[in-house]
Amino acid sequence: MPPTPEAHAVPVTAAEPTAVVLHGHFYQPPREDPWTGRTRPEPTAAPFENWNERITAECYAPLAAAGAFEWLSFDLGPTLARWLEREHPQVHDGFVLGDRASRARLGHGNAVAQPYHHIILPLASRREKETEVRWGLRDFERRFGRPAEGMWLPETAVDTATLEVLAAAEIPFTILAPHQVVDPPAGGVGRVRLGGGREISVVVYDGGLSHGVAFGALLDGRDAWFEALRAATGGGGGLVALATDGETFGHHHRGADRRLMRVITRARRSRALRLENFASALARAGELPALTLREPSSWSCAHGVERWRSDCGCRMAPHLDSQQRWRAPLRAALEQLAADLDDAYEALAPGRLSEPQRAVTELGGVLGEPEGLGAFARDVSATESDEEALALLEVVRDRAAMFTSCAWFFDDVTGIEPIQVLGYAAHALDRLATLAPTRAAELERTFVEGLAAAPANDRGIGTAAGVYAREFGDGSPVSTGNAGDGVRPTQDGASSG
């Protein structure tokens, strides 16, 4: 996240304790092989089999064991949650039970929803925004057993159109960085007025505290973090919010999980601070000042949202000679394929699915279930065989996953993250070919032509078309490649998601 050192807490009375919210954004990109549904081996995560396993051991499992999620506000990305539910159910349950305990304590849960796939919503169509938000809400309700009261935006990427979709879905609030609003509110919370008489509350996190924890400066001393937190309260009242990647606590910074628990313990004992979550703090906030967005914007690109569509200069290794001219043509090729897949679905779904639109709407509620798409395909199939229904649902699922933001975040189109989204494209075409082989072949030719305009830094590969041919030219699943750590720092060195 860009450095934003200003703090925004204003005391109400000297006697009133300050509401403090510590928020962790927990997310991992999808790492499953689209053909098998299993996470592939990643040698760079050694001695663990893959990065999900390593990060779980370093961060998620210790936090769950310590009971952190009863006190830590959090959003849990659906693509990570479904993996935890399958591979480490006790850790997954730690998130769920923590939310339940916080509801008993505060009347509102610590968990915040997230769009299903980690896509940059300002770059998505209205239909895509609505689908991702709807799927994220359905997954949240299934997982936590209650409606969501707020939603974290991937990379905190925001514009008015995105907030309008959240408000239409009756989501009360979201969280932004200080630099994403024109005048950060004195009390840490405000509201954005939208069309149709709607509005949405916005929590603006404290830039200095969040920066200090994300970069590790406040993690060095035994009590540096708590003292900075206490100083930011200004003596009482208001709201002070800290937000950073959840993986900060134990993975990005070894021992930071223990630092977090020490801060939580001290805050619980303090008479000046009151540990809350966003929903409980907002319930008592009263009248909120109007905010003006800086749009589009995000917490990990100094150029708005250009990092996910252009060679804006944001990259992981600025000291290396590399280009990111591949970002725009990769997005263009995927957008064209997505439009073509939409047309194919509209043409092929009637007669194969009983209610094609309902199937898309409700898909998010079953993507993470153990039975997954299989049982849902039987439910929505309009024929005796559910194979064609399953193929169509997989096309819809893969089409959405093609825009996972990590594919554009890093420096080269040959990386594991772009390969992952190319894998979703290849699998969608593979499944479409079972229904309309000629059509699928034509779409793939057009797609590869578009990928040829995306230059790789590796001259031996040439372009994204070369990556696609190497990985999927023979119809084989995604290869292991040179998988890196999917939890990454931004150009500033902080983790982002």
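## Ground rules

Residues are numbered from 1 along each chain as its sequence is written, and side-chain values use heavy atoms, with hydrogens and water left out. Because the model is predicted, local features need pLDDT of at least 70 and side-chain atom pairs count only at pLDDT 80 or more, while totals for chains, interfaces and linings use all residues.

## Overall build

The protein comes to 17 helices and 8 strands; these are DSSP runs numbered from the N terminus, helices being H or I with at least four residues and strands E with at least two. Its C-alpha atoms fill a box of roughly 75 × 50 × 45 Å along the principal axes.

For 497 residues, a compact globule would have a radius of gyration near 23 Å, and the 22 Å of the protein agrees with that. The radius is taken over C-alpha atoms, and the globule rule is 2.2 Å times the number of residues to the power 0.38. Buried residues make up 59% of the 497, where buried means under 20% relative accessible area, with a 1.4 Å probe and protein chains only.

## Helices H2 and H4

Helix H2 (residues 78-87) packs against helix H4 (residues 126-144) at an angle of about 35 degrees, with the axes 11 Å apart. Axes are lines fitted to C-alpha atoms, for helices over the stretch in contact, and angles run from 0 to 180 degrees between N-to-C directions.

Pro 78, Ala 81, Arg 82 and Glu 85 of H2 meet Asp 139, Arg 142 and Arg 143 of H4; contact means heavy atoms within 4.5 Å. These residues divide into 2 nonpolar, no polar and 5 charged.

## A three-stranded sheet

An open sheet of 3 strands runs in the order S4-S6-S5, with mixed pairing. Strands pair if DSSP finds at least two bridges between them. S4 (173-176) and S5 (189-193) are the edges, each with a single partner strand, so one side of each is left without a neighbour in the sheet.

S5 and S6 (residues 199-204) pair in the antiparallel sense over 5 bridges, and Val 192 stands opposite Ile 200 in S6. Helix H5 (residues 160-168) packs on this sheet, touching S4, S5 and S6.

## A buried glutamine

Gln 324 sits in the loop between helix H9 (278-283) and helix H10 (327-348). Gln 324 counts as buried because its relative accessibility is 1%. Beyond neighbours within four places in sequence, Gln 324 contacts Ser 310, Asp 311, Arg 315, Phe 410 and Asp 411.

Conventions: Nonpolar A, V, L, I, M, F, W, Y, C, P; charged D, E, K, R; others polar. Buried < 20%, exposed > 50% of the residue type's maximum accessible area, 1.4 Å probe, protein only.
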